[in-house]
2 protein chains.
Amino acid sequence: MRPLLTVTNALADRTRLRLLMGLREGELCACQLIELVGLAPSTVSKHMFLLRQAGLVESRKIGRWVYYRWPGRAAPLRVRHALKWVAESLTDDPQIAKDTKHLARLLKSTPETLCRKQTRKPVSSSSAPATRAAARWRRAGRVTSGRT
Amino acid sequence: MRPLLTVTNALADRTRLRLLMGLREGELCACQLIELVGLAPSTVSKHMFLLRQAGLVESRKIGRWVYYRWPGRAAPLRVRHALKWVAESLTDDPQIAKDTKHLARLLKSTPETLCRKQTRKPVSSSSAPATRAAARWRRAGRVTSGRT
DNA sequence: CGTATACTTCGCCACTTGGCGAACTATAGA
DNA sequence: TCTATAGTTCGCCAAGTGGCGAAGTATACG
């Protein structure tokens, strides 16, 4: 019962649903998710912890950046069905539609630009750390990360 | 977003999952659900309100009894998929297995016997109100209430 | 080294929620 | 009509949760 409850609890919050849907089409880094929902980094971090604990997202760290995405085929049925169910239930949701448009705008700049904006400092022109990874991620074109 | 959140919130509680699974094989009356989870009537009533609000159960009143069951085919996809998902995710759950055995025992007596037990009074032998409806319900043999 | 930075963890606060018992409502039966 | 009873609603309280900012951690770079 606990495993399912961890999932239902994770899904029982507006912000976490938005974050989850933000990852529907592929990987995003933490700063992009922070920008997406417009909340404090610590808050988003806590949400992502709960989602990861439930198995609803995976994360990988590259340099100073942490990338989140939906889990692949190895995830338990419980989780894969939950993601499918939520995505279907929210296809026509106005908030998610707004987020999707917002996200499209965000994706026009690199993660590092975003992070600078967040700390309210001017964007230095020189390449930031982990830029190679970010470039690869952009080239990959919003991978579907092995969804069912 | 609200409709889905109502559902995920309803599913994000141990007791409500147990109540929901109790109805998996057919209709039960409130007193049977109270006995199933062993909580105060007011508590169970509140839970059933939330489940009904989410569309995860329907109810009908017959005399003084209220019967709850899973919704039929008319329910939104969001709800039908949720029920399917939860039921699948909990098929092997030990708590649910215990509840199922418990329920089997409860079903050997009539709802009115149960209610008497709950108020700690001896069961009068004469037929209680709504007994005909209850008998019909027993004859119907745990209807599946039009699930997908 | 030391500094900057991307993120997480911690500590706090307002708000929500699950539980109960008491009071209330509605129906059945004398 | 009056009483009994199946459920619900109300009022309360302890426990949990979402939000924030401050402090902490880990990595990159000079």
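Ten salt bridges are found in the structure, counted over all chains. The model is a predicted one.

**Salt bridges within the chains**

| Pair | N to O distance | Relative accessible area |
|---|---|---|
| Glu88(A) and Lys84(A) | 3.7 Å | Glu88(A) 37%; Lys84(A) 48% |
| Asp99(B) and Arg18(B) | 2.8 Å | Asp99(B) 7%; Arg18(B) 14% |
| Glu58(B) and Arg69(B) | 3.2 Å | Glu58(B) 31%; Arg69(B) 29% |

Glu88(A) and Lys84(A) both sit in helix H5 of chain A, four residues apart, so about one helical turn separates them. Glu88(A) is partly exposed. Lys84(A) is partly exposed as well.

The salt bridge of Asp99(B) with Arg18(B) brings its closest N and O atoms to 2.8 Å. Asp99(B) belongs to helix H6 (residues 94-106) of chain B and Arg18(B) to helix H2 (residues 14-22) of chain B, so this pair ties together parts 81 residues apart in sequence. Asp99(B) is buried. Arg18(B) is buried too.

Glu58(B) and Arg69(B) also form a salt bridge. Glu58(B) lies in strand E2 of chain B and Arg69(B) in strand E3 of chain B, eleven residues apart. Glu58(B) counts as partly exposed, and Arg69(B) is partly exposed. In chain A, salt bridges with shared partners join Glu27(A), Glu58(A), Arg60(A) and Arg69(A) into one network.

**The sheet of chain B**

Chain B has an open sheet of three strands, ordered E1-E3-E2 and paired antiparallel. Strands E1 (28-29) and E2 (58-62) of chain B are at the edges; each has a single partner strand, so one side of each lacks a neighbour in the sheet. Five bridges join E2(B) to strand E3 (residues 65-69) of chain B. Ser59(B) has Tyr68(B) as its bridge partner. Lys61(B) has Val66(B). E2(B) and E3(B) make a hairpin with two residues between them. In its turn, Gly63(B) has a positive phi of about 60°.

**The interface of chains A and B**

Contacts involve 23 residues of chain A and 23 residues of chain B. The buried area is about 2,000 Å², with 74% given by carbon and sulfur atoms. Met1(A), Leu4(A) and Trp85(A) lose the most area in chain A, together 41% of what that side buries.

Which kinds of contact cross between chain A and chain B? On the side of chain A, helices H1 (2-11), H2 (14-22), H5 (77-89) and H6 (94-106) each give two or more residues. H5(A) provides the largest share, seven residues. By class, that side has twelve nonpolar, five polar and six charged residues.

Notes: Residues are numbered from 1 along each chain as its sequence is written. Chains are lettered from A and ligands numbered from 1 in the order in which they are written. This is a predicted model: local features need pLDDT of at least 70, side-chain atom pairs count only at pLDDT 80 or more; totals for chains, interfaces and linings use all residues. Side-chain values use heavy atoms; hydrogens and water are left out. Contact means heavy atoms within 4.5 Å. Buried area is the accessible area (1.4 Å probe) that two parts lose on being put together, summed over both. Ala, Val, Leu, Ile, Met, Phe, Trp, Tyr, Cys and Pro count as nonpolar, Asp, Glu, Lys and Arg as charged, and the others, Gly among them, as polar. Two strands pair if DSSP finds at least two bridges between them. A salt bridge is a side-chain nitrogen of Lys or Arg within 4 Å of a carboxyl oxygen of Asp or Glu. Buried means under 20% relative accessible area, exposed over 50%, partly exposed in between (1.4 Å probe, protein chains only).
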